[in-house]
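Hi,

Here is the structure I said I would pass on.

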Amino acid sequence: MSDMNSSLESLYPACSMQSDTVPLRQNGQHGRSPPPPSGTRTLQPQVSLWQKVQRSQPMHILAVRRLQEEDQQFRTSSLPAIPNPFPELCGPKSPPALTPGSLPPSQAAAKQDVKIFTEDGTCKVVEILADMTARDLCQLLVYRSHCVDDNSWTLIEHHPHLGIERCLEDHELVVHVESTMASESKFLFRKNYAKYEFFKNPTNFFPEQMVTLCQQSNGSQTQLLQTFLNSSSCPEIQGYLHAKELGRKSWKKQFMCLRRSGLYCSTKGASKEPRHLQFLADLEDCSVFSLFAGRKRYSAPTDYGFCIKANKVMHDSKELRLLCAEDEQSRTCWMTAFRLLKYGMLLYQSYRVPLQRKALLSSFSAPVRSVSENSLVAMDFSGQTGRVIENPAEAQSAALEEGHAWRKRSARMNVLGSQSPLHPSTLSTVVHRTQQWFHGRITREESHRIIKQQGLVDGLFLLRDSQSNPKAFVLTLCHHQKIKNFQILPCEEDGQMFFSLDDGNTRFSDLIQLVDFYQLNKGVLPCKLKHHCIRVAL
């Protein structure tokens, strides 16, 4: 952006100077209008011009141009003549240096309309440029949808007729990907917190028994990543997978290995000798997809299916290389290794872009506030006299306490018998429905599907209504790539309603307080609440 701005600034003075110069004729001579004869009168043209002005007709201001030419000639007359270094280009017999057909015609950037869908089925048509990447389009959608840009939004290539989908890489061109999609396919706008999680915790994604390195490793996370990112290294993922035979409905468990050259299966047990390895798929012209509803559509033996699809395949599911892992960790390992071996440093650069941008804007991380807000200071009126809170940590704590003060005031008003427009018990059962992490009356299976779609990372959660107890709620949480459910039960004491996760030991007046608490404290949960599942409407 700085290079573009500097180029524009360099063009600006050149354009401004162009109006002060006089066009050159042949051999570099300045054009000058012949002076009027000495005996001519100049009063008559002025009268005729005055008459034209009185009649409100357009007038050509020739006198100003003549003065500019004379002034320019006066400036250059005092300077020594500079010879033309290229007289052969300015001669009358010489052809012009630039012919009309020598420059390519200026063409406007190609644009294309793309349909983007959300989880609730809403659609929005967006006009994009031909060279727009998936990251650029996500940032555009985030801006138009007024969402928080936390670099976890992504585009999903969804093929409902094949039962597969994948997350587009940030550097991929959207128009190019759309050209390989069938008419039934579509783009989804969704969060994916696990897109670059393997850069943060690689050991959680690559079990030791599945990774074979070309050289002796000390087991460090840095060396493990460098092995995959270095194009000269030869890492290998190995293990047993269920593979669907092409043209058949049966599945066969085979020992497979993934290398930079492609995916291979062994025809003799776990042997990796060249004569026993059979080539299955290439990495260059293929992409890895995850299966949804694999048991129903393809009779998959497990729920952890994925497939390798060639870019030319659009409709025929028989040309898909369908595979199934034994658990979620194994499937994630195979799919992540496929992405790393195919894209390499491109993935790491895409991962570093938001981090570098955040580092550059670290000094401007505070929200921009108005002058009146900047003049406010935190005050403490708990004593006899007020004091200014100078400690930032104490000021933040006071702000959080003030944010929850309305709950305390409503509870005191209820005890004193004061009439309130919203009864506290009614308010505590309604206020959480305005939060993005609350998904209402969805089933257990639906909540698990949403968690899986938005990335199986530690701390990803949502809240929903309980199906077994109409007065209770359920917290669905992901930990170590496994989904767990915790029931939130209501309890009443002294006429007030509370909610608790641990049988009343820790009580909260509403679900917002409960979520705020477990975002800061693990408590009885296996981990803190970190990311919440969200759905947006474009």
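Strands β16 (residues 460–465) and β17 (residues 473–479) are an antiparallel pair, joined over 5 bridges. If you want a spot to start from, go to Leu-462, whose bridge partner in β17 is Thr-476. Do keep in mind that this is a predicted model.

Zooming out, those two strands belong to an open sheet of 6 strands with mixed pairing, in the order β20-β19-β18-β17-β16-β21. The edges are β20 (507–508) and β21 (531–532); each has a single partner strand, so one side of each has no neighbour in the sheet. Helix α17 (residues 444–453) lies across β16, β17 and β18 (482–493), and its direction is at about 160° to β16.

The geometry is edge-to-face, with 6.0 Å from centre to centre and 70° between the planes.

On to the rest of the aromatics: the structure holds 16 aromatic pairs. One of them is Phe-199 with Tyr-351, where the ring centres are 4.9 Å apart and the planes meet at 20°, so this pair is stacked. It ties together distant parts of the chain, since Phe-199 is in helix α7 (residues 197–200) and Tyr-351 is in helix α12 (residues 345–360), 152 residues apart. Phe-199 counts as buried because its relative accessibility is 8%. Tyr-351 comes out at 15%, which still means buried, as the cut-off is under 20%.

Phe-199 and Tyr-351 are also members of a cluster linked by ring pairs, together with Tyr-196, Phe-198, Phe-205 and Tyr-348. I'd bring up that set of six side by side in your viewer.

Last item: charges over rings. Which side chain lies over the face of Phe-117? That is Lys-186, at 4.9 Å from the ring centre.

Cheers

Methods. Residues are numbered from 1 along each chain as its sequence is written. This is a predicted model: local features need pLDDT of at least 70, side-chain atom pairs count only at pLDDT 80 or more; totals for chains, interfaces and linings use all residues. Side-chain values use heavy atoms; hydrogens and water are left out. Two strands pair if DSSP finds at least two bridges between them. Helices (H or I, at least four residues) and strands (E, at least two) are DSSP runs, numbered from the N terminus. Contact means heavy atoms within 4.5 Å. Axes are lines fitted to C-alpha atoms, for helices over the stretch in contact, and angles run from 0 to 180 degrees between N-to-C directions. Rings of Phe, Tyr and Trp (its six-membered ring) pair if their centres lie within 6.5 Å; planes under 30 degrees apart count as stacked, over 60 as edge-to-face and the rest as tilted. Buried means under 20% relative accessible area, exposed over 50%, partly exposed in between (1.4 Å probe, protein chains only). A charge sits over a ring if NZ of Lys or CZ of Arg is within 6 Å of the ring centre and within 35 degrees of the ring normal.
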